[in-house]
Each structure stands twice: as C-alpha cells, then as structure tokens.
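Open the model in your viewer and keep the selection tool at hand. The stops below say what to select next and what is there.

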Amino acid sequence: MTNMTSFWDKLPKPFFALAPLYDVTDFAFREMIARRRSPSLEASAHRGGPDVMFTEFVSVDGLYHEKARAKLTKLHLGFSEIQRPIVAQLWGTKPELFFQAARLVRELDFNGVDVNMGCPDKKVVAAGAGAALIKNPTLAQEIITATQEGIGDLPISVKTRIGYERDTLDAWLPKLLEAKPAAVTVHARTVKEMSKVPADWQAVRRAVVIAEGSGTLIVGNGDINSLAMAKQRAAESGADGVMIGRGVFGGYWFFTGRTEIPLAERLQALVEHAEIFEANFAGIKNFAMLRKHFAAVVQGFAGAKDLRMKLMRAESAAAVREVINSASGGE
Ligand SMILES: Cc1cc2nc3c(=O)[nH]c(=O)nc-3n(C[C@H](O)[C@H](O)[C@H](O)COP(=O)(O)O)c2cc1C
C-alpha cells in the first residue's frame, strides 16, 4: 500500500520494466536480461538493465491446487537474486484465492505481487478474469484488497488497459486508485483494439494526471522498440516508468542501450540461453519453446535462414552449441 515504502519508491525516474510475456519472459529469458546489467553501473540510477521484472502470469486457481502448485511454481515462479526486484503476476477472479496465492508469493520471497487486469485471451476473459475485470470494478477492488491482505507489507500493483470496448480510463483508473496500489501499469489500448492499433500514449499522459497526488505510480506500456523511445515517451507522458514487452524479444541487450551487437555475440547468447533453459526446465518444459528466440535472434544476415533451420532441429543446449559453433567457424 502507498503508506508503506517498498522497492517501487526506490526506483529511478523514469524507470524501465520488463513486461510479463507468457511463454517468453520465463526464468531463462529474465536471467539472460539480468546478466546483461552492467556491474560497473550498479551504483548509478540505471544499471543497464530493467529496474524491475515481472513473471509470466500465473493462475490463482492453479496455485490453489496442491498438485498443480509445485509444477506451476517451478515453471513460472522461479527466480534468481540477480533478477530482483521481481514481481509475481497473478490472474483469476476469486479474492480468497488471490489471498492464498499472495501468501505463497510472499513465502517465495518475491519483491511484490501484480494483478493481471488486462489480458484479452478469450478463455481468461470468459472466466471473468484478466481484462474482464475492467467491467467489474467492484470485484477488481475486492481482489486488490484480498491480495494486499495476503501479501502483508509487500507492495501490490495492477496491470491493465485503458478500457474494454472503448476508452473508459477516466472512470476505471480512479476505481483502481481507491484501492491504493503502489503502481498501475497502463497498456495504452482497449481490449477490443487488441494490438491492431498503435498504443495511445496520450492516454498514459491522462493516467498520470488522474493519478497525481494519489501516491500510485503510473507505468506506461505499449509499442516501445528502443530505450531511446522509452525515455522519450516517459518525458512526453510524465509516466513514472515505462514497461517494454515485445520490443525486448530477440534483443537481450535492450536495456543496456547497446544497439549494434556483433553477430558472434548474438549467436553465443543463444547458446547461453539454451543452457540456462535446460538447467532450469529439463523435463518440465519443452526445449522447442526456445525456437521463437532462435527465430527472433537469427535473422538479417547472410546464411540466417539456413542457421535457423538447423537450430529448429536442435533438442539440447549441446546441440545448439554445436550448430552455432560450426556456423561461426565456417564464416
Ligand atoms: C506473447 C505475449 C504474452 C503476454 N503475456 C502476458 C502476461 O502473462 N501478463 C500480462 O500482463 N501481459 C502479457 N502480455 C502483454 C504484454 O505484457 C504487454 O502489455 C503488451 O505486449 C504491450 O506491450 P509491448 O508493445 O511493449 O509488447 C503478453 C503479450 C504477448 C505478446
């Protein structure tokens, strides 16, 4: 709650957040990003890395069932010290299950908890969760209160959109602010717009004005593809922070501000990513999950297609290393 200090209050302004992207920003991806923070910048406001990271969203119903809990925890709620500050993101509809899940998040020693009120996925919305909560502000408030009770003195944040069918931010955001979250991330689109129209950063500006004096930080989100753009959008909108999702995909160096990464370094990063993935997820997460990262990194150079094809067939970190090393050796 806003009357307690938390890591949110200690972040630089503007701060930069790595968005939750289901099946993308898992432990392995976050570890890659965290390892690229520069130790020499540790003392400065920005460490060449995201100032805060989020887990992929996890169902509170799933976490409630003992059998699913262990698996979901291993799959989605693992983190390392260098990934801090890290926030666990939850989704669901039942306040009492949010209470239970928040207690687990606290036991797991996260830095905070985030409630998903923006996911447009058909199944999630049909269950009344994610973005459907925009249409049910009373339940949204109950969920925040129950989560706050479960999380104790750790901070709670909310990630949402500007409206469901249309932009209703002016009515929706005040409802959230009444529940006094430490931060609200505003993905600057309605649910109906999905990702088909550009994010409306004017709406982020409006969110900042609405939240002024509330003690709740506003994080803008949507369509940021470089650190320079993130800084510009923060300055224009007055947002306390900027969250970046798809723009980081394939670019482990996004937050460092480095833009020209030598090919050899990019390829070796894939080997490292595969090794971290295997060490953490062997037996519980299909190695093929990495293919989207191979495709995102291996592009835009002669021979990329051929190398991609070879990587798609790799089924272990050792195989990835072999493919990359033989490609690099043959250059
Ligand atoms: C593949 C994918 C998975 C996502 N998973 C989540 C999620 O688990 N939780 C969440 O709050 N948002 C999720 N999002 C939404 C992103 O966090 C973000 O709000 C959205 O992509 C817009 O930001 P961007 O333009 O910087 O990507 C997901 C988006 C994508 C593309």
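A crossing of two helices counts as left-handed if the near helix is turned anticlockwise from the far one by less than a right angle, and as right-handed if clockwise. Helices (H or I, at least four residues) and strands (E, at least two) are DSSP runs, numbered from the N terminus. This is a predicted model: local features need pLDDT of at least 70, side-chain atom pairs count only at pLDDT 80 or more, and totals for chains, interfaces and linings use all residues. Residues are numbered from 1 along each chain as its sequence is written.

**Whole chain.** Select the protein chain, which has 14 helices and eight strands. Its radius of gyration (taken over C-alpha atoms) is 20 Å, close to the 20 Å that the globule rule (2.2 Å times the number of residues to the power 0.38) gives for 331 residues, so the chain is as compact as a globular protein of that length. Along the principal axes, the C-alpha atoms fill a box of roughly 60 × 45 × 40 Å.

**α9 and α10.** Select residues 201-211 (α9) and 227-237 (α10), which pack at an angle of about 50° with their axes 9 Å apart. Axes are lines fitted to C-alpha atoms, for helices over the stretch in contact, and angles run from 0 to 180 degrees between N-to-C directions. Trp201, Val204, Arg205 and Val208 of α9 meet Arg233, Glu236 and Ser237 of α10 (C-beta atoms, placed from the backbone, within 7 Å).

**α2 and α11.** Next, select residues 27-35 (α2) and 263-281 (α11), whose axes lie 9 Å apart at an angle of about 135°. That makes α2 oblique to α11. α2 passes α11 in a right-handed crossing. On α2, show Phe27, Ala28, Glu31 and Met32; they meet α11 residues including Ala269, His273 and Phe277.

**α5 and α7.** Move to residues 95-107 (α5) and 137-151 (α7), where the axes come within 7 Å and cross at roughly 35°. α5 also passes α7 in a right-handed crossing. Among the residues making the contact are Phe98 and Phe99 of α5 and Ile143 and Ala146 of α7.

**Ligand.** Finally, select the ligand and what lies around it: 21 residues surround the ligand (C-beta atom, placed from the backbone, within 6 Å), and the closest are Ala19, Tyr22, Phe57, Gly245 and Arg246.

Terms used:
Angles under 35 degrees count as roughly parallel, over 145 as roughly antiparallel, 65 to 115 as roughly perpendicular and the rest as oblique. Two residues are in contact if their C-beta atoms, placed from the backbone, lie within 7 Å.
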